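Trainee: I would like to learn how to read contacts, strands and helices in a model. Please take me through them.

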Amino acid sequence: MTIRVIIVDDQAMVRAGFAALLAAQPDIDVVGEAPDGRQGVEVARSAHPDVVLMDVRMPELDGLAAAREILHPPAGVTHRPKVLMLTTFDVDDYVYEALRAGASGFLLKDAPPADLIAAVRVVAAGEALLAPSVTRRLIADFAASRPAPRRDTTALRLNGLTPRETEVLELIARGLSNQEIADSLVLAEQTVKTHIGRVLAKLDLRDRAQAVVFAYESGLVTPGDSR
């Protein structure tokens, strides 16, 4: 199956570079581009992409607002592509908010070409892209800069998890991969996947990205924690 992608970035050279790289892949088709968030929403609605590469900071409508419009469309709009945010190391909590809005993850704009290609495939397959090397630091920074969360309702939702499921959720939030979780808990990787599926279902979360956000907002994991 060919993955349909649109690229939303206010820098023409970035769009051209990403488009050339992705279009050269046999399983990826670049079906549109946009120079700002407003046009990005319009192109997403008309081109029906599987994945939207969305820059964080843009004129007219920033990437966060555009992601919200794409992921929470008005009545009558049924197509909801995956959104992959493009960002840099010096981001503010836009990325955190994007994950809360339903984005499937984020990718550093200076990542190697192979990482961009892999990211599109991972997100298109329905997985969340949360690179452990940056997730632990960035999400912790975002959480640390925000007011203390209200933990009443989230605590009640946590109570519905088994001790093992809670442990798996904590390790997800710390940025561990499925294999790393399996090694840590001495479980088969398939068992870990089963636990993750149950965690998402019980907490009514869409994917791994939202699980990370939930773990921080519920207080299960706090910045500076060490295992």
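**A buried aspartate, a strand and some helices**

Mentor: The side chain of Asp55 makes a polar contact with the side chain of Lys109, at 3.5 Å. A polar contact is a pair of N or O atoms within 3.5 Å; within protein, one must be able to donate a hydrogen and the other to accept it, and residues adjacent in sequence count only if both atoms are side-chain atoms. This is a predicted model, where local features need pLDDT of at least 70 and side-chain atom pairs count only at pLDDT 80 or more, while totals for chains, interfaces and linings use all residues. Residues are numbered from 1 along each chain as its sequence is written, and side-chain values use heavy atoms, with hydrogens and water left out.

Trainee: Is Asp55 buried or exposed?

Mentor: Buried means under 20% relative accessible area, exposed over 50%, and partly exposed in between (1.4 Å probe, protein chains only). Asp55 counts as buried because its relative accessibility is 6%. Asp55 lies in strand 3 (residues 51–55); strands (E, at least two residues) and helices (H or I, at least four) are DSSP runs numbered from the N terminus. Leaving out residues up to four places away in sequence, Asp55 touches Val8, Asp9, Asp10, Gly63, Met85, Leu86 and Lys109, where contact means heavy atoms within 4.5 Å.

Trainee: Which residues of strand 5 are buried on each side?

Mentor: In a regular strand the side chains alternate between the two faces of the sheet. In strand 5 (residues 105–108), Gly105 and Leu107 are buried on one side, and Phe106 and Leu108 on the other. Strand 5 pairs with strand 4 (residues 82–87) in the parallel sense over four bridges; two strands pair if DSSP finds at least two bridges between them. Leu86 has Leu107 as its bridge partner in strand 5.

Trainee: At what angle do the axes of helix 9 and helix 10 cross?

Mentor: Two packed helices are described by the angle between their axes and the distance between the axes. The axes of helix 9 (residues 178–185) and helix 10 (residues 189–203) come within 8 Å and cross at roughly 105°. The two helices are therefore roughly perpendicular to each other, the class for angles of 65 to 115 degrees. Asn178, Gln179, Ile181 and Ala182 in helix 9 meet Glu189, Val192, Lys193 and Ile196 in helix 10.

Trainee: How many residues of helix 11 are buried?

Mentor: Nine of the ten residues of helix 11 (residues 208–217) are buried, so helix 11 is largely enclosed by the rest of the structure. Among them are Arg208, Gln210, Phe214 and Tyr216. Gly219 follows helix 11 and has a positive phi, near 90°.

Definitions and conventions: Axes fitted to C-alpha atoms, helices over the stretch in contact; angles between N-to-C directions. Parallel < 35°, antiparallel > 145°, perpendicular 65-115°, else oblique.
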